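Let's take a walk through a protein model together, one piece at a time. Keep the 3D view open as you read.

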Amino acid sequence: MSDLRELYQEVILDHNKSPRNFRELPEADHHAHGDNPLCGDIVTVYVKMDGDALGEVTFQGSGCAISQASASMMTEAIRGKSLAEARELSSRFRRLLTEDRPDGATQDAEALGKLAVFSGVKEYPMRVKCATLAWHTLSAALDHDSATVSTEG
Amino acid sequence: MSRTAKAVSTRSWEGASLAHLEGGRGIEGEGGDPIAFDVEAVREEFPGLHQEVHGHPLVYLDNAATTQKPRAVIEAVTRFYEHDTSNIHRGVHTLAERATATYEGARRTVARTLGIEPREVVFTRGTTEAINLVARSFVRPRLSPGDEVIVTWLEHHANIVPWQIVCGEAGATVRAVPIDDRGVLDLDALAEALERGGKRVRMLAVGHISNAVGTVHPVRRIVELAHAHGVPVTVDGAQAVPHMPVDVAALGCDFYAFSGHKAYGPSGIGALWGRAEHLESMPPMQGGGDMIRSVSFDGTTFADPPTRFEAGTPNIEGTAGLAAALDFLDGLDRAAVQAHEEALAAHAVEELAAIPGVHLVGTAPERAAIVSFVVDGIHAHDVGTILDARGVAIRAGHHCAQPAMRRFGVAATARASFALYNTHHEVEALAAAVRHAQEMFGA
């Protein structure tokens, strides 16, 4: 067997079973809905800003363990970060899963901390989109709001 | 066919019975001697089965998506490439004649297999293109605003979306007939929809077998109902042709579509059968070479069906493979094959239903060897990945049948679908892998 434990690490299974910050956030400043039409994973991400930082981040959704654990761990990882830091983390995370760069990957893995448990997903190309769904949704939520600001403010 | 001869008895419908199969998995041959349906010998014909995946012997249970190919099919395609490569219907040289003979011979093989006339067989890329052709060229010219096309809740997207497209253009509506909790079509609701729609109903489109949950629809009864209201019927036979003998004339429908690749043949080739009078009434969907009688800048006249619908150089090698696949099936004892697959499905249902936390989706009494299920606490995609790590290939997802999934209240299912080469040992490997997934997830 290829090492399935590399994909389904305990921490991923734990977040899947008991997702953190799993709730709607009616007072959110940003929110976006993401879905993966190929496999039906859905995630809605809510962000409430605290000054320039991401104050509270929650999500709701349904789908495979990878998609739900990724969303859950994302909400923990980006809380308190500035917008720029959150965007930087998001690109590092996506790079970790999609790019073949042994040197840079180590650097990214260090910066990603706990999120590096998703590095095993790279061996399963069909599942990469499951892991990145929440992060794409986060970007859409943050971008959408800035777009709104630029037209209305 | 010599390779397969050892695997099969001659076709002996009378000799085959489920009772024999359940006992010794044997059947009566023509000479009265019991000849086993030798699944191991059949497996020898499929090179793709003999490989390891993640260190485990491949257990291929994704046959409703596509089947593995027997040597006869692989060799037929290779033979065409190596000896007969040429274009069809033009050129007077020997190779062109051989290519044309291959192509038109395949048309006759399809016709013989389904009990129809060769001139009523249109080669397409597959079921999807076949249904699109009916939607575009038969239904669309007949649609007016307010008209209807009736489908069922169980249909594959290929038997929903083409109708939606043409209905959308014409201001017409696609109506779906409900199914019950088992996945059985509500015939009363169908009769009611036909009654209510009256002359506005331009087509009834139904799958022969549901790819998502395995229900075998009572097509003959459905056709009777529709025809009583003057409504033509298109049958999506993609899941039926590989798994049961299909007598299109007996079904009484107006169009019947299927794909080669689900019936042990190549991808990119399939066929549409249509009643001659329907085909003659239909304009071409595509223009190009081969589909014309004469071309000038003042106007072009089209060829007769089926050529009218086969513009451009077709998938000639695909037809060689398709014919080889149908011949392969024809060389088997179809009753024994069907009984074998039914026994596999019954075994899988029994094994999976016995696992706490596993729920079957679709429990129609008339079903093919397609078993859809969900596991508490584990998403279907995770089930699929964990099973794959043990060499067990299943499909996880909505199976291109999102309305059916919604009807059953699930986003996705895991689906094991069986073919003639699957074994009872593989059913057990499936069940063991599902239990392993539960252990892993602590579900």
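Start in chain B with an open sheet of four strands, which run in the order β15-β16-β19-β18 with antiparallel pairing. (Helices, H or I of at least four residues, and strands, E of at least two, are DSSP runs numbered from the N terminus; two strands pair if DSSP finds at least two bridges between them.) At the edges sit β15 (358–361) and β18 (395–397) of chain B, each pairing on one side only. Going from one strand to the next, the twist averages 30 degrees; axes here are lines fitted to C-alpha atoms, and angles run from 0 to 180 degrees between N-to-C directions.

Before going on, a word on what you're looking at. This is a predicted model, in which local features need pLDDT of at least 70 and side-chain atom pairs count only at pLDDT 80 or more, while totals for chains, interfaces and linings use all residues. Residues are numbered from 1 along each chain as its sequence is written, and chains are lettered from A and ligands numbered from 1 in the order in which they are written.

Back to the sheet: β15(B) and β16(B) are joined in the antiparallel sense by four bridges. If you look for H359(B), you'll find its bridge partner in β16(B), namely V374(B).

Now for α14(B). Is this helix buried or exposed? Ten of its ten residues are buried, so α14(B) is largely enclosed by the rest of the structure. (Buried means that 20 or more other C-beta atoms, placed from the backbone, lie within 10 Å of the residue's own.) Among the buried residues are H381(B), D382(B) and L387(B). Just after α14(B), G391(B) takes a positive phi of about 80 degrees.

Where do the chains meet? In all, 16 residues of chain B are in contact with 14 residues of chain A, contact meaning C-beta atoms, placed from the backbone, within 7 Å. On chain B's side, α14 (380–389) and α16 (424–441) each supply at least two residues, and α14(B) gives the most, with five.

The contact takes 24 residues from domain 1 of chain B and 30 from domain 2 of chain B. On the domain 1 side, α13 (334–353), β16 (370–375) and α15 (402–407) of chain B are the elements giving two or more residues.

Terms used
Contact = placed C-beta atoms within 7 Å. Buried ≥ 20, exposed ≤ 12 C-beta atoms within 10 Å, placed from the backbone.
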